[in-house]
Amino acid sequence: MKIAVPFHHGFINEHFGHSESYAIFTISQDKEIVKRGLIQAEEGCGCKSGIADQLAKEEVTVMLAGNIGAGAISHLASRGITVIRGCSGPAEEVVINFIKGDISDGGQTCAEHKGCEDHHH
């Protein structure tokens with residue numbers, strides 16, 4: 001399994017669509033982090049930047065995010081990536097807690113960022 005997080009100085013970036021980079025954690029069948037990587041985002045908000053395609057190429061199946069718009073969620077889902085919302089804190093710690101089963105989807109969708117919600121794919 002591969003898990004991605006919007007990344008900023010070791011922490012989950014507060015807003016998915018504003019992230020300049022995304023950390024990718026490869027998880028073993030023993031539920032341990034076996035590899036860490038970082039990819040740079042293209043220009044544009046999360047649903048328009050092509051990040052979903054980049055993450056799909058990396059075989060990411062889960063995105064742990066804080067604030068994220070409905071358009072970005074839809075775009076990621078169309079690439080087979082499940083979004084878990086409401087995450088915050090040190091990126092690796094959040095990934096570990098998710099692997100343990102201690103984190104579930106927070107249910108909140110960012111309503112302030114209209115650019116992605118209004119963009120149809």
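## Strand β3: both faces covered

Both faces of strand β3 are covered. On one side, Ser21, Ala23, Phe25 and Ile27 are buried. On the other, Tyr22, Ile24 and Thr26 are buried too. The model is predicted.

Strand β3 spans residues 21-27, and seven of its seven residues are buried, so the strand is largely enclosed by the rest of the structure. Buried here means under 20% relative accessible area.

## Neighbours of β3

β3 pairs with two strands named here. Strand β1 (residues 2-8) runs antiparallel to β3, joined by six bridges. Strand β4 (residues 33-40) also runs antiparallel to β3, through seven bridges.

In β4, Ala23 stands opposite Leu38. The hairpin of β3 and β4 has five residues between the strands. There, Lys31 takes a positive phi near 60 degrees.

β1 is mostly covered, with five of its seven residues buried. Ala4 stands opposite Ile24 in β3. Ala4 also stands opposite Met63 in β5. Strand β5 (residues 62-64) runs parallel to β1, and two bridges join them.

β1 also pairs with strand β2 (residues 11-12), in the antiparallel sense, over two bridges. Phe7 has Ile12 of β2 as its bridge partner. Two residues lie between the strands in this hairpin, where His9 takes a positive phi near 50 degrees.

Notes. Residues are numbered from 1 along each chain as its sequence is written. This is a predicted model: local features need pLDDT of at least 70, side-chain atom pairs count only at pLDDT 80 or more; totals for chains, interfaces and linings use all residues. Side-chain values use heavy atoms; hydrogens and water are left out. Buried means under 20% relative accessible area, exposed over 50%, partly exposed in between (1.4 Å probe, protein chains only). Helices (H or I, at least four residues) and strands (E, at least two) are DSSP runs, numbered from the N terminus. Two strands pair if DSSP finds at least two bridges between them.
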